[in-house]
Amino acid sequence: MVCPRCSSDVPEVSHFCHHCGNDMRTGDSERKNAYAARPDEAVASFKLVSTIMPQGSGKQPYTYKVALGIALLLTVVTAALGALPVAIMIAAFAIPIVYIIYLYDVNLWEDEPIPVVAAAFVLTGVLAAVFTWIWSDKIGLSIATIGEDRSGPSLRDLLIVLLLVPVVSELIRQIGPLYLASRPRYDDLMDGFTFGVVAGVGYACFETLVLHWGWISGGFAGPGSSAGTWISIVVLHGFIKPLVYGSATGLAGAEFSGLGEKYDGFTPRWVGALLQAMVVNALFQGGIYLLGFVGGRGSTIGAILGVVWGLLLLGALIIRVRTVLHKGLLEAALESAARGGSNHASGDLAFCSRCEMPLLPHSDFCSACGNSVRSVPKSARGVTAATGASGYEATTGETQA
């Protein structure tokens, strides 16, 4: 049987082409109902875990869902009780901790997890803390004070939240991902995206700590009429904001890495993704700032509207991320098939991480379930770390044609 998309020879029993991922049974070359990183999900769906944790999360997605759910519940309860220092600390570190555990759980970068995480998370966090302190304290603006008694938005503040903060913060978040993605070992599309997410959640963590340091140092406030405002703010800045930052920066990181074996670099696609991330940041920051004036001083309405606005942006970003990664994985596989096959996985030592079926030689997709091999950590692809050769080649001595 010949694949109509890439003209590869495909076994008769295959559901998907192992080279380009084409659905051989339905003829849907775009695979709208089979997301490349999680084939049992549609591309256009609001699945958070498989979106921001695409590499290896298919095995135990509920582990991360439960962890995030528990962290969210603890944040809401502590904020409602007025334990603001505890609520802010849980909210700030919940997603970064869960994401770092995910990186270790799937053994994403084999024997170099500490330098990789440090470069993408800690470096970004330190720069985030310094820049946030400058614009929120020295310049004198803090968008975290939702409901503060002001007559209305000022042009000066709007310029800060719509231009200064979105542009500079996004450039800071690009430093770690671009450095790491430019290294030969980490130039894969999924690596670039993951680096961006790490940088985004790291930035959000330290930004939240600086913006709400008054709450952290202020001690226990006790239950009160402002509980609804407190809950809305910690949920917005502790859970929604890091996902918005991480998704937007991750898209730019993915475009920098590109489709091929080497990173694409500063291409027009990367510039477009960078500008897109800055626009998303401006919409997020500007929307939260303007909505803070709704309802007057201490109003819970403005805080709740800020959460709704953040969720709308996050929902749009999730769909955008899934679409870009899905198309990127399919296009990269098609490009690989044109060169005669992939080195991502091969032969007797390579198995699909989702359905555990053997992968055909030089596969980019599992022929049984359609899962992308690129969405599997390198350590689980049957690829030797030292040479980049597949397990099949390592055991038989054969080389790619």
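I take helix axes as lines fitted to C-alpha atoms over the stretch in contact, with angles from 0 to 180 degrees between N-to-C directions. Helices are DSSP runs (H or I, at least four residues), strands likewise (E, at least two), and I number them from the N terminus.

**Entry 1. Basis.** I note that the model is predicted, that local features need pLDDT of at least 70 and side-chain atom pairs pLDDT 80 or more, and that totals for chains, interfaces and linings use all residues. Residues are numbered from 1 along each chain as its sequence is written, and side-chain values use heavy atoms, with hydrogens and water left out.

**Entry 2. Whole chain.** I counted 11 helices and zero strands. The order of elements from the N terminus is α-α-α-α-α-α-α-α-α-α-α. Of the 401 residues, 56% are buried. Buried means under 20% relative accessible area, exposed over 50%, and partly exposed in between, with a 1.4 Å probe and protein chains only. I then looked up contacts, meaning heavy atoms within 4.5 Å. Among contacts between residues at least 6 apart in sequence, 69% join residues at least 24 apart.

**Entry 3. Helix H3 against helix H8.** I looked up the pair H3 (residues 84-105) and H8 (residues 227-257). Their axes lie 8 Å apart, at an angle of about 15 degrees. H3 is therefore roughly parallel to H8. The class limits are under 35 degrees for roughly parallel, over 145 for roughly antiparallel, 65 to 115 for roughly perpendicular, and oblique for the rest. The crossing of H3 with H8 is right-handed. A crossing is left-handed if the near helix is turned anticlockwise from the far one by less than a right angle, and right-handed if clockwise. On the H3 side I listed Leu 84, Ala 87, Ile 88, Ala 91, Ala 94 and Ile 95; they meet Trp 230, Val 234, Gly 238, Phe 239, Pro 242 and Leu 243 of H8. This contact of H3 with H8 has 11 nonpolar residues, one polar and no charged. Here Ala, Val, Leu, Ile, Met, Phe, Trp, Tyr, Cys and Pro count as nonpolar, Asp, Glu, Lys and Arg as charged, and the others, Gly among them, as polar.

**Entry 4. Helix H3 against helix H6.** I next examined H3 with H6 (residues 189-211), whose axes come within 9 Å and cross at roughly 160 degrees. H3 and H6 are therefore roughly antiparallel to each other. Their crossing is left-handed. From H3, residues including Ile 88, Met 89, Phe 93, Pro 96, Tyr 99 and Leu 103 meet H6 residues, among them Thr 194, Val 197, Val 198, Val 201 and Cys 205. The contact of H3 with H6 comprises 13 nonpolar, two polar and no charged residues.

**Entry 5. Helix H5 against helix H8.** I found the axes of H5 (residues 155-181) and H8 to be 10 Å apart, at about 40 degrees. That angle makes H5 oblique to H8. H5 passes H8 in a right-handed crossing. Glu 170, Arg 173, Gln 174, Leu 178 and Ala 181 of H5 meet Tyr 245, Thr 249, Ala 252, Phe 256 and Ser 257 of H8. By class, the contact of H5 with H8 holds five nonpolar, three polar and two charged residues.

**Entry 6. Nonpolar cores.** A nonpolar core is a set of buried Ala, Val, Leu, Ile, Met, Phe, Trp, Tyr and Cys residues joined through side-chain atoms within 4.5 Å. Which members of the largest core touch the most other members? Among its 83 residues, they are Met 53, Tyr 99, Val 234, Ile 240, Val 244, Phe 284 and Leu 325. Helix H8 gives the largest share of this core, 15 residues. Apart from this core lies another, of six residues, including Cys 3, Val 10, Cys 17 and Met 24. I also listed the contacts of Tyr 99, leaving out residues up to four places away in sequence: Ile 52, Met 53, Thr 194, Val 197 and Val 198.

**Entry 7. Single residues.** Beyond residues up to four places away in sequence, Gly 202 touches Phe 121 and Gly 125.

Ala 34 lies in the segment before helix H1 (48-52). Ala 34 counts as buried at 9% relative accessibility. Its C-alpha atom is separated by 9.2 Å from that of His 326, 292 residues apart along the chain.

Trp 213 is in helix H7 (residues 213-218). Trp 213 is exposed, with a relative accessible area of 52%. Trp 213 and Pro 85 are 128 residues apart in sequence and 8.6 Å apart in space, C-alpha to C-alpha.
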